[in-house]
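Thanks for coming, everyone. I have one chain to walk you through today. Let me put it on the screen.

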Amino acid sequence: KGDDEGDSSVITETKPKTKRPPLYKVMLLNDDYTPMEFVVLVLERFFGLNHAQAFEIMLTVHKKGLAVVGVFSHEIAETKVAQVMDFARRHQHPLQCTMEKED
Ligand code: TYC
């Protein structure tokens, strides 16, 4: 009997799959108008960074155009983006914050 007759020759291995939720990078984008101190305040207030860390990341965004400021679950990332966008809008600054799925 050939291998194609009957399922006794078909072995299906199942790898135990542990589901990890995808993570999302939250990024700040540079612009020409938002004051540096405001960006530092945003990073301290919404991302729990100390002043030195916040200043460093602000400078990275200023020089490189954007930077990842944190990695979170989808729900937390959405909340961070909404908080930053709302805070910037209320202060009439054009600061942009976005999220992107991590590879
Ligand atoms: N480029 C801004 C300035 O010179 C500062 C800035 C930094 C703006 C980071 C946005 O995400 C930003 N005032």
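I will take the record first, then the sheet, the salt bridges and a few surface points.

Two notes before that. This is a predicted model, where local features need pLDDT of at least 70, side-chain atom pairs count only at pLDDT 80 or more, and totals for chains, interfaces and linings use all residues. Residues are numbered from 1 along each chain as its sequence is written, and side-chain values use heavy atoms, with hydrogens and water left out.

The record, then. UniProt, in an unreviewed entry, lists residues 19-98 as "domain: Adaptor protein ClpS core". UniProt positions are in the numbering used here, feature names are shortened, and annotations may be inferred rather than shown by experiment. Over residues 19-98 the chain is 54% helix and 20% strand. The end C-alpha atoms of that stretch are 25 Å apart. Helices (H or I, at least four residues) and strands (E, at least two) are DSSP runs, numbered from the N terminus.

Now the sheet. What is the strand order? It is E2-E1-E3, an open sheet of three strands with antiparallel pairing. Strand E2 (66-72) and strand E3 (96-101) are the edge strands, each pairing on one side only. Neighbouring strands are turned by 30° against each other on average, direction ignored. The axes behind that angle are lines fitted to C-alpha atoms, for helices over the stretch in contact, and angles run from 0 to 180 degrees between N-to-C directions.

Pairing needs at least two DSSP bridges between two strands. E1 and E2 have six. Along that side, Tyr 24 stands opposite Phe 72, and Met 27 stands opposite Val 68. E1 and E3 also pair over six bridges. There, Val 26 faces Met 99.

Is E1 mostly covered or mostly open? Covered: five of its six residues are buried. Buried means under 20% relative accessible area, exposed over 50%, and partly exposed in between (1.4 Å probe, protein chains only).

On to salt bridges. The rule is a side-chain nitrogen of Lys or Arg within 4 Å of a carboxyl oxygen of Asp or Glu. The count comes to three. Lys 25 pairs with Glu 100, closest N and O atoms 3.2 Å apart. That pair links distant parts of the chain, strand E1 to strand E3, 75 residues apart. Lys 25 counts as buried because its relative accessible area is 18%. Glu 100, at 40%, is partly exposed.

Asp 86 to Arg 89 is 2.8 Å between the closest N and O atoms. Asp 86 to Arg 90 is 2.7 Å. Asp 86 and Arg 90 are four residues apart, about one turn of the helix. Asp 86 is partly exposed at 30%, whereas Arg 89 is exposed at 54%.

Last, the surface. Which residues make the nonpolar patch of about 200 Å²? Leu 23, Val 68 and Val 71. Leu 23 sits in the segment before strand E1 (24-29) and is partly exposed, at 35%. Patch residues have over 30% relative accessible area and no salt bridge; like charges are joined within 9 Å, nonpolar side chains (Val, Leu, Ile, Met, Phe, Trp, Tyr) within 5 Å. Areas come from the Shrake-Rupley method with a 1.4 Å probe; for residues, only the protein chains shown count as cover.

One backbone point to finish. Gln 92 is not a glycine, yet has a positive phi of about 55°. Gln 92 lies in the loop between helix H3 (74-90) and E3, and is exposed at 73%.
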